[in-house]
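Subject: Structure handover and notes

Hello,

The structure we discussed is below. My notes follow it.

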Amino acid sequence: MRIRSPLLVLLVTAWWTLNALVWSGQVLNMREATGQALDVAQVLRLELASAWLWIPITFGLFWCVRRWPIEWPGARGRIAKALFVHALAVALVIVARALAVVALNGFIGWYATLPSFGAVLATSALNNLLMSWMIVGIAHALVYAERARHRERQAIELESRLAQARLGALSAQLNPHFLFNALNSIAEMIHRDAEVADRMLVDLGALLRHSLGASQQQEVALREELVALDHYLGIEKLRLGERLRIEWGIDSASLDARVPHLVLQPLVENAIRHAIATRTTPGALSVRAERNADRLILEVRDDGGAHPTPHGAGIGLRNTRARLACLYGADHLLEIVALVAGGTLVRLDLPYRAAGVAP
C-alpha cells in the first residue's frame, strides 16, 4: 500500500465524494419529508466539504497504520504501543475536524451561529470517533493484504531461485561435454593403453564421488575443491598428454577458505576446451589461489596458443555468475581478461570465509 499511489489517491477521493453525494441525498429526503425548504446547492456544499476533509485525514491514518501496525502475534509492548499511537491519532482527528469546523464555518456554513469550541469538539467526537477507527481497520486490512502478496511473491521467487540453483549446480558439477569427452577418451584408450584407461576411470570415479558427496553443499573448503579439480585435470592430462601443461600456485593460507562447490571446474574446462584441446602444440594452464586480507583471489589462466580463447558466455560461466550472485550478492567479482601476450585470465574475487565458520 503506497500512500502516494495515484490509484489510491483516486480511489480515496472518489469514495469520499460518493459518500458526500449519498449523505446529500439522505439530507434532502429528510428535509422533503419534514416539509423543509430544499436548497440543493447548500446541502452539497456542506456534505462535500465535510467529506473532503476526510481525504487528508484518511491518508494520515493510512501512514500511521503503515508505520505502527498492530501485528498479531507480536510482543505485548509493540501491540500496546501501536494501540496507543492509533488512539492518539484518532484523538487528533477529532480535534482537527473540530478546529476545521471553527476555522471554515464562515465559508461553509455548517452552523448559523457557531457554538462554543467545547460543543463543537463534543459533536466532532460523536460524529468522527467511529469513522476514524473504521479507517484504521481498513488501513490494517490493506497492510496485511500487501504483506501477504509480498510474502507470496517472495515464496515464488525463492522457489524459482532454488530450482535454478539446483539446475545450475547439476550443470556445474559435471559438464556433459566433459563427461562425454572423458568416456570417449577412456573407450579409445582401452584399446591403446589399458593401464592409462584404468587410471582415467579411477580419476573419473573419484570426481563423481566427490561431486555426489558434496552435492548438498553450496560451499566447500578450497582444499576439497582442489582435490576434485586435480581428479578432473588428471583425466584431461591423460587424454591430452603433453599438450597440457599444468601449473599450480596455491597459497597455503587460502586452503581453508570456503568456495562455491565445483566453481573452478567449469572455468578450467572452458580454458582447456577453447585454448588447449584444439591445438597440436603444448599449452599451459595455470591455477592460482591467494588470500589477500579478507579477500580470496582465484585465477585460471591459459596461454591461448595459436587461437585466442573466447571470452565466452557459455552455460558454465552463466551458472557460475548466477551462483556467485546468489551466494555473495554484490560482494564478489568475476572478470575475464584477454591477455596481451595471448590467452585468457579468469579472476574470482570473493570474501574470505574460513571453512567451519558461519557466514
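How many salt bridges does the count come to by the rule used here? The count comes to 12 salt bridges, where a salt bridge is a side-chain nitrogen of Lys or Arg within 4 Å of a carboxyl oxygen of Asp or Glu.

Before the details, two notes on conventions. This is a predicted model, in which local features need pLDDT of at least 70 and side-chain atom pairs count only at pLDDT 80 or more, while totals for chains, interfaces and linings use all residues. Residues are numbered from 1 along each chain as its sequence is written, and side-chain values use heavy atoms, with hydrogens and water left out.

Overall content

The protein has 10 helices and 7 strands; these are DSSP runs, numbered from the N terminus, with helices being H or I of at least four residues and strands E of at least two. Of its 359 residues, 40% count as buried. Buried means under 20% relative accessible area and exposed means over 50%, with partly exposed in between (1.4 Å probe, protein chains only). Among contacts in the protein with a separation of 6 or more, 72% are between residues 24 or more positions apart, a contact being heavy atoms within 4.5 Å.

Salt bridges

Side chains of opposite charge can pair when their charged atoms come close.

E219 and R353 meet through their side chains in a salt bridge at 3.8 Å, N to O. E219 is in strand β1 (residues 219–221) and R353 in the segment after β7 (344–351), so this pair ties together parts that are 134 residues apart in sequence. E219 counts as buried at 14% relative accessibility, and R353 as partly exposed at 22%.

R279 and D303 also form a salt bridge, at 2.8 Å, N to O. R279 belongs to the loop between α9 (264–276) and β4 (283–292), and D303 to the loop between β5 (295–302) and α10 (315–328), so the parts tied together are 24 residues apart in sequence. R279 is buried, at 7% relative accessibility; D303 is partly exposed, at 27%.

In the salt bridge of R295 with D331, the closest N and O atoms are 2.8 Å apart. R295 sits in strand β5 and D331 in the loop between α10 and β6 (333–338), so the pair ties together parts that are 36 residues apart in sequence. D331 counts as partly exposed, at 37% relative accessibility.

Finally, a network of salt bridges links E299, R301, E335 and R347.

Helix packing

The axes of helix α1 (residues 6–34) and helix α3 (residues 54–67) come within 10 Å and cross at roughly 130°. Axes are lines fitted to C-alpha atoms, for helices over the stretch in contact, and angles run from 0 to 180 degrees between N-to-C directions.

Backbone

A293 lies in the loop between β4 and β5. Its phi is near 60°, a positive value in a residue other than glycine. Most residues other than glycine have a negative phi. A293 counts as exposed, at 55% relative accessibility.

Regards
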